[in-house]
Amino acid sequence: MATSVAGEVQQSLNWIISDHQTKKLTDLPTELLEHILCFPVLKHLDICNVSCCCKRLHDVCHGRGKVWGHQYKLRWPRLQRFYRQNECCDWLREYKTRHRVGIQIRRTVESISKRFFTEVPCVGQVLGDSFAEIESLGMPEHFCEDELLFILHSDKSKSLTLKYYAKKILYFLRQQNILRSLKTFLEQPAEQQQSALEGALLVDQYCNPLADITLNSISAQLDEIAEKVKKMLRIKNPSHPSLRITQGDRFVVEDLELQRQVVCALNSVLYEQLQYKGNEFDFYNPLNSYIHQVLLRRTGIPISLSVLYMTLAQKLGVQVEPVNFPNHFLLRWCQKQRGSEDIYDYVYIDAFGKGKQLTAKECEYLIGHQVTADYYSAISTTEVLLRMVGNLLNIGKRGEGNEKSYQLLRDSLDLYLTINPDNVQYLLLQARLYFHLGIWPEKVLDILQHIQALDPSQHGAVGYLVQHTLEHIQHKKHPVTPEVKKRSVSEHLEVQYSVGLIMKHKRSGYNCVIYGWDPKCTMSQEWITTMRVHQLSNGANQPFYNVLVQDGTCRYAAQENLEPHSAPLEIGHPEVGRYFSEFADTHYFANEELQTRYPEDMVETLGTVQELYHRLTPGTGNQDQALATDQNNHQAMPM
């Protein structure tokens with residue numbers, strides 16, 4: 001290989017060499033050789049082989065670092081932001097380190113499926129262990145994240161199980177970093193905390209760790225809005241002092257009339273020109289609390305719109321303060337001497353209500369009852385974050401008990417207890433949630449111990465959870481061998497469909513993929529009655545299938561209600577990768593763990609798909625060939 005690559009490069013460059021007496025590649029100047037070895041067609045293995053040809057080429061490849069620097073940047077372009085331009089670096093060492101980290105990360109991710117599948121539903125425990133493994137590598141975090149992103153961005157329909165766990169680990173890694181940033185933010189003295197915007201953004205990032213959300217991008221969007229306000233101000237008052245404020249200035253406009261001009265222009269731009277509004281029709285959507293979504297959708301709830309309004313006002317030199325008013329977050333704007341404690345010296349701004357200005361009495365009309373003067377006081381950034389996270393917590397508790405609502409509840413509890421770690425009510429809720437989900441039993445014991453130390457009166461609830469958590473830990477030490485379901489067994493002969501088939505529900509019309517089945521309905525009598533299973537022609541005495549539905553739900557469907565989809569399509573369910581390794585246009589391939597539980601199903605799936613093609617499009621030899629190719633490409637599958 002070394003000789004062939006060097007030979008090809010030599011031949012391709014014969015025309016470059018003007019001195020026809022010089023025939024050896026090694027006689028070329030070092031700069032030209034480096035240029036040649038940086039040709040895009042050459043990969044890292046080619047460089048390794050070329051460097052083995054002779055001492056001269058070895059020195060060129062490894063001497064000044066240009067060749068390996070080029071290889072590094074070519075292979076991992078996302079990492080360039082971590083290096084200064086023209087930075088002097090041992091690129092070969094960087095390359096080797098990143099390469100080793102990539103191998104180790106991939107091994108770790110590949111190993112998770114076996115452990116995770118046997119420990120369902122212990123999601124948190126598996127990811128916690130895997131995170132500890134990644135931390136123990138002692139490698140730069142950005143290398144680990146880059147490899148996880150590399151896995152996620154590979155071929156869309158392949159390596160689904162690998163991507164599924166890579167995504168979960170990346171989610172976990174980023175959340176840990178964001179929590180560290182939040183703790184650092186909260187440790188700053190109140191007067192040094194950057195802003196409510198930065199705190200709100202950390203909440204947003206924690207709940208959406210895979211989204212590309214940065215303080216710089218959010219600030220840039222707010223700067224654009226502030227420039228629109230200045231443009232309007234310039235028309236009305238060309239000498240307004242706010243027009244001289246540059247980015248980063250902490251200038252405050254003292255004159256009340258000049259402040260009014262700013263507030264009037266801000267309301268006009270935000271609510272009339274840009275059409276921001278309170279989301280009255282979908283108030284409990286968590287997107288209303290995420291700053292990047294508020295900017296994108298131009299709608300939110302009182303607290304998120306107030307954070308934006310307050311930030312914009314401050315950029316333009318007007319100081320408004322957050323007010324923790326019950327049921328409706330407000331801002332207050334002082335009309336008299338700054339720092340006044342008289343609630344009637346303030347105008348109260350309703351950012352949810354298009355910037356409407358209210359008196360103290362009108363605020364009470366807004367919520368329909370009287371409140372004490374304490375509720376009109378300004379609050380700290382920490383209190384703003386507690387209110388914001390508390391809203392998310394309530395949305396999570398109102399959820400439908402699906403994975404999405406549980407994830408929101410977990411995330412908001414993590415945030416709340418980072419800000420206020422000794423809240424017994426929410427510590428107990430966290431312990432109960434983890435216990436209910438069967439995750440992190442060791443952490444549940446730590447939480448319960450902390451609760452007992454804070455409030456001994458919780459002994460009854462704590463004792464119950466401790467007992468059952470210890471039983472769960474003991475149960476984990478002796479896992480039950482999963483049931484293997486073979487279609488050839490006599491009691492399974494009525495099962496018509498198999499895992500990996502894409503189906504359509506005859507009555508509800510939803511699209512889904514099968515990931516499990518039972519020869520008879522195994523649900524409780526209460527479920528059977530609630531779901532009116534007795535109204536089916538075969539009742540509960542027929543095969544039932546576990547299916548992942550296109551809308552993100554998991555359902556248990558009767559055989560008589562399902563039929564193979566006439567035009568199979570990819571099912572956009574977040575849990576697809578947990579069970580399947582690949583989407584093959586007509587069906588899904590079960591991953592190794594699912595095949596272990598249903599060892600005869602994939603053969604049945606391929607047969608069903610092939611038969612369906614024959615029935616719908618007779619004489620399609622190319623499709624038969626494609627299916628046969630799929631079969632050959634998965635030789636590890638039991639046949």
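Colleague: Are tyrosine 164 and tyrosine 165 buried or exposed?

Modeller: The model is predicted, so local features need pLDDT of at least 70 and side-chain atom pairs need pLDDT 80 or more, while totals for chains, interfaces and linings use all residues. Numbering runs from 1 along each chain as its sequence is written, and side-chain values use heavy atoms, with hydrogens and water left out. Buried means under 20% relative accessible area, exposed over 50%, and partly exposed in between, with a 1.4 Å probe and protein chains only. By that rule tyrosine 164 and tyrosine 165 are both buried.

Colleague: What kind of pair do the rings of tyrosine 164 and tyrosine 165 make?

Modeller: Rings of Phe, Tyr and Trp (its six-membered ring) pair if their centres lie within 6.5 Å; planes under 30 degrees apart count as stacked, over 60 as edge-to-face and the rest as tilted. The structure holds 21 aromatic pairs. For tyrosine 164 and tyrosine 165 the centres are 4.7 Å apart and the planes stand at 90 degrees, so the pair is edge-to-face.

Colleague: And what kind of pair do tyrosine 346 and tyrosine 348 make?

Modeller: Their ring centres lie 6.5 Å apart. The planes are at 45 degrees, so this pair is tilted.

Colleague: Which residue lies over the face of tyrosine 346?

Modeller: A charge sits over a ring if NZ of Lys or CZ of Arg is within 6 Å of the ring centre and within 35 degrees of the ring normal. Arginine 398 lies in this way over tyrosine 284, at 3.7 Å from the ring centre. Over tyrosine 346, at 4.0 Å from the ring centre, lies arginine 332.

Colleague: Which residue stands opposite methionine 503 in β11?

Modeller: Strand β7 (residues 502–505) pairs with β11 over 3 bridges in the antiparallel sense. In that pairing, the residue opposite methionine 503 is proline 564.

Colleague: Which residue in β8 stands opposite lysine 504?

Modeller: β7 also pairs with strand β8 (residues 511–518), antiparallel and over 3 bridges. Their hairpin has 5 residues between the strands, and glycine 509 in it takes a positive phi near 80 degrees. Opposite lysine 504 stands asparagine 511.

Colleague: How far apart are the end C-alpha atoms of helix α8?

Modeller: The buried residues of α8 include Phe143, Cys144, Leu148 and Ile151. Its 12 residues (141–152) should span 16 Å, which agrees with the distance between the end C-alpha atoms, 17 Å.

Conventions
Pairing = 2+ DSSP bridges. Helix = DSSP H or I, 4+ residues; strand = E, 2+ residues; numbered from the N terminus. Expected span 1.5 Å × (residues − 1).
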